[in-house]
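Subject: Structure handover

Hello,

The structure is below for your files. My notes on what was found follow it.

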Amino acid sequence: MGDEGLSDQREQAARLYRVLGPAVYRRCLRLLGDREAAKDATQEVFVKLLRDMRRLEERETVLPWIYRVATNHCLNLRRNLRRRGEEDLEPALRIASDRPPDGYPERELAQKVLSRFDARTQAVAVGVLVDGMEHDEVAAALGISRRTVSRKLDRFLENAQKFIGRSEP
Amino acid sequence: MIRCPSDLKLEAHLLAEASSPLAPHVASCGSCRARLDEMRRLGDEFQREVYPATVDAVAGAAGRRRPFVGWMLYAAPVSIAAAAAAILLLVQPRSPGDDYLGTKGAKLAVTVYAQAGDAARPVADGEVIPATASLRFRVRLGAPCRLWLVSVDAAGQVSRLYPPAGDGGAEVTAAGPLPGGAVLDGKPGPERIYAICSPRPLTFADLERSARAAAGGGETAVRAARSLRALPAGSSQATLLLEKRP
């Protein structure tokens, strides 16, 4: 590819970043709770998204894809903090206030609870409990079936309740 | 009771408000209007602070080559700790686009440029680069400060990149390219660069302690340590991870 083509690619990337970057930033800030961490994560997520630049131009489907990539990336960052024993730096995620917590006994989803589950189950729990999304919407955003969402959420609620029960003084 | 849309649906609304099917609900729902106001505020924050500081690295990841602009070549590779300081990087600082509206005063940001053949390009966070690559740096400041650039590798070695001499950090008053640069030491593995902007002098010994405490625990620690602690109050910092490969 010539320099002109590369320059066009960079300009296209910068334009897409300006338009779609805010959605990534908001998502990262919501999950990380820290502006500097969200800024870094936004950059990292968008570099990942740029690997399929054509997909970024598809307005009908781009937002669920952004949601999925950003959610997985940020939850992974939170897991890394947990592994390093710095989970206290990562704020708990507030349960969506406009809906009942679906049997989840707390008003916040703490990292120590979240980290007990695999990455996909974490994404499902965050989508339903924190983002307040319907099961169908979570399934579409994460690229899995509605049945998988229900199954993973049920397992999450059952085990999280046991864990919280054991942790209470 | 009509349930309010999720954040994801409100994101779609913001992307195409004129044709959004949510418009009637939003018009009658104070809660959703407040959520949208907050989302717009964060969008402005992105355009004001995040986009200008990161667009070079993001756009650079889309194109793997960049015209060589004003770098002079090093005579020979040297240890990153012994980086030469006499060469000017002449890349012009990139400013926000014409449609940018916002206040000045973004926090510290650092862009790292790697030489590749006869070209220089910004490096994205976590990017794989040659273990002997030549690097240059450009910073963006929120306010004048005492600036340090250091790096930590998987062996826990803390190297000073800028300023190459003196203690307390370099007094920097404006954004732009930094004199000098560095050549990586040829050892494969992760190396994390930290830029620290302190409102008062910060000794290299103190900074070295902070860097080693955060990232001195091997490859995993280097990759994960995104910030330093025990810095002077009011300090800002930026970081970037390099993955060196033979």
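This is a predicted model: local features need pLDDT of at least 70, side-chain atom pairs count only at pLDDT 80 or more; totals for chains, interfaces and linings use all residues.

Residues are numbered from 1 along each chain as its sequence is written, chains are lettered from A and ligands numbered from 1 in the order written, and side-chain values use heavy atoms, leaving out hydrogens and water.

Of the 246 residues in chain B, 52% are buried (under 20% relative accessible area; exposed is over 50%, partly exposed in between; 1.4 Å probe, protein chains only).

Over all chains there are 26 salt bridges (a side-chain nitrogen of Lys or Arg within 4 Å of a carboxyl oxygen of Asp or Glu). One of them pairs R35(A) with E45(B), with 2.6 Å between the closest N and O atoms. R35(A) lies in helix α2 (residues 35-49) of chain A and E45(B) in helix α3 (residues 30-62) of chain B, so this pair joins two chains (helices are DSSP runs of H or I, at least four residues, numbered from the N terminus). E45(B) is buried at 5% relative accessibility, while R35(A) is partly exposed at 37%.

E45(B) also forms a salt bridge with R41(B), at 3.6 Å from N to O.

Regards
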